[in-house]
Amino acid sequence: MPRLTIYKDDYADSTAVSNRFIDEYMKDANDAQLKVYLYLVRMLNANLATSVSGIADKFNHTEKDVIRALKYWEKRQLLDLDYDEDRNLVGIHMRDLKNTPVSTPKDSSFSKSPVKSTEIASEKSRNPEASPKAETFVKPLYSADRLREFKNSEDTAQLLFIAESYIGRPLTPSEIRSILFFTDVLHFSDDLIDYLIQYCVDRGKKDFKYIEKVALNWAEEGISTPKQAQRLSSRYDKNVYAIMNELGKSGSPTTKEMEFITRWIKDYGFTPDIIFEACERTVLATDKHRFEYAEGILSSWKKANVRHKSDIGRIDEMFQKKKVSARPSSNKFNQFTQNNYDFDALEKEILSN
């Protein structure tokens with residue numbers, strides 16, 4: 001890959017970021033796109049040369065990530081890419097933001113809904129592992145021409161091949177639209193999409209509706225690299241999903257649900273068999289607010305110093321004894337409400353009348 005010449009219309013002695021860039025462009029860019037643009041500004045102001053491979057090494061991205069970021073900023077009209085006759089990238093023209101018209105990506109595939117997500121407590125369930133402060137990304141209605149253009153792209157061929165290898169069959173048009181969504185709207189790199197599909201398939205999930213839910217969560221969490229996704233997913237081990245299943249829940253836990261599960265495992269120190277017992281009792285008792293109900297059971301067991309499943313029998317026995325002792329006596333004289341009267345006061349009251 002040749003070294004690139006970065007140039008613009010005028011030069012400054014210091015590295016400065018335009019307020020307009022911060023106000024109008026930062027909010028829509030992902031981590032890789034921001035890093036690439038800011039690095040270009042820094043190198044330009046220092047009058048230093050760089051290359052796609054150099055930028056990729058600098059930020060531990062792939063060269064494809066860098067190229068995708070450059071193309072993104074070209075679509076946003078912040079820079080122009082210069083190619084030689086063989087279509088090799090040889091130069092980058094950084095535009096002056098003062099003279100750049102306000103732009104949003106023309107292609108609908110870059111559109112992002114401004115609608116904010118609701119709070120988790122009101123059921124942030126559209127997705128595995130979501131964040132209360134994230135934006136909601138909307139999947140566009142891609143045209144057949146747009147889908148064909150994406151499918152026939154040279155950069156896309158390898159990505160689709162990898163996806164089909166994981167899924168074990170050719171992708172349907174709907175599934176290809178999902179990958180286009182990951183690419184254009186969520187701005188996922190090829191490496192991250194590769195890891196996303198592998199992550200879901202390893203968990204027995206080949207349904208693209210599920211894969212989209214995970215992708216949305218990652219986008220909302222600001223995930224931009226496989227390493228970040230791995231750190232996020234490491235919170236969810238097999239016990240977590242087993243507990244979810246025991247409570248009749250499918251998919252991954254929400255943040256609030258994960259708080260409950262973490263408390264039961266780490267804070268209370270309960271083994272899975274104890275938690276499963278509480279889950280079983282919860283499912284038999286209620287269809288609603290199951291995590292809260294299970295929390296009530298487990299917190300009471302924690303206070304009762306339950307350490308093994310065998311201890312639960314002891315707790316149940318004590319509860320039954322208390323229940324029996326609280327029953328009213330069958331003695332007929334005890335079937336009426338017993339009152340404690342102040343007879344001296346009563347006598348005074350009677351004499352005064």
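Which helices do the buried residues of helix 13 pack against?

Modeller: The structure is a predicted model, in which local features need pLDDT of at least 70 and side-chain atom pairs count only at pLDDT 80 or more, while totals for chains, interfaces and linings use all residues. Residues are numbered from 1 along each chain as its sequence is written, and side-chain values use heavy atoms, with hydrogens and water left out.

The buried residues of helix 13 pack against helix 11 (238-246), helix 12 (255-267), helix 14 (290-303) and helix 15 (309-325). Helices here are DSSP runs of H or I with at least four residues, and strands are runs of E with at least two, numbered from the N terminus; contact means heavy atoms within 4.5 Å. Helix 13 itself covers residues 272-285, and its 14 residues reach 20 Å from the first C-alpha to the last, close to the 20 Å expected at 1.5 Å a residue, where the expected span is 1.5 Å times one less than the number of residues. Its buried residues are Ile274, Ile275, Glu277, Ala278, Cys279 and Thr282, where buried means under 20% relative accessible area, exposed over 50% and partly exposed in between, with a 1.4 Å probe and protein chains only.

One of the helices packed against helix 13 is helix 12, and Phe260 is found in helix 12. At 8% relative accessibility, Phe260 counts as buried. Leaving aside residues up to four places away in sequence, Phe260 touches Phe291, Glu292 and Glu295. The C-alpha atoms of Phe260 and Phe291 are separated by 7.0 Å, although the two residues are 31 apart along the chain.

Helix 8 is largely enclosed by the rest of the structure, because ten of its 13 residues are buried; among them are Leu192, Ile193, Tyr195 and Leu196. Just after helix 8, Gly204 takes a positive phi of about 75°.

Helix 5 and helix 7 pack at an angle of about 75°, with their axes 10 Å apart; axes are lines fitted to C-alpha atoms, for helices over the stretch in contact, and angles run from 0 to 180 degrees between N-to-C directions. Helix 5 is therefore roughly perpendicular to helix 7, given that 65 to 115 degrees counts as roughly perpendicular, under 35 as roughly parallel, over 145 as roughly antiparallel and the rest as oblique. In this contact, Arg146, Leu147, Phe150 and Lys151 of helix 5 meet residues of helix 7 including Pro173, Ile176 and Arg177.

For the chain as a whole, the secondary structure comes to 16 helices and three strands, and buried residues make up 41% of the 353 residues.
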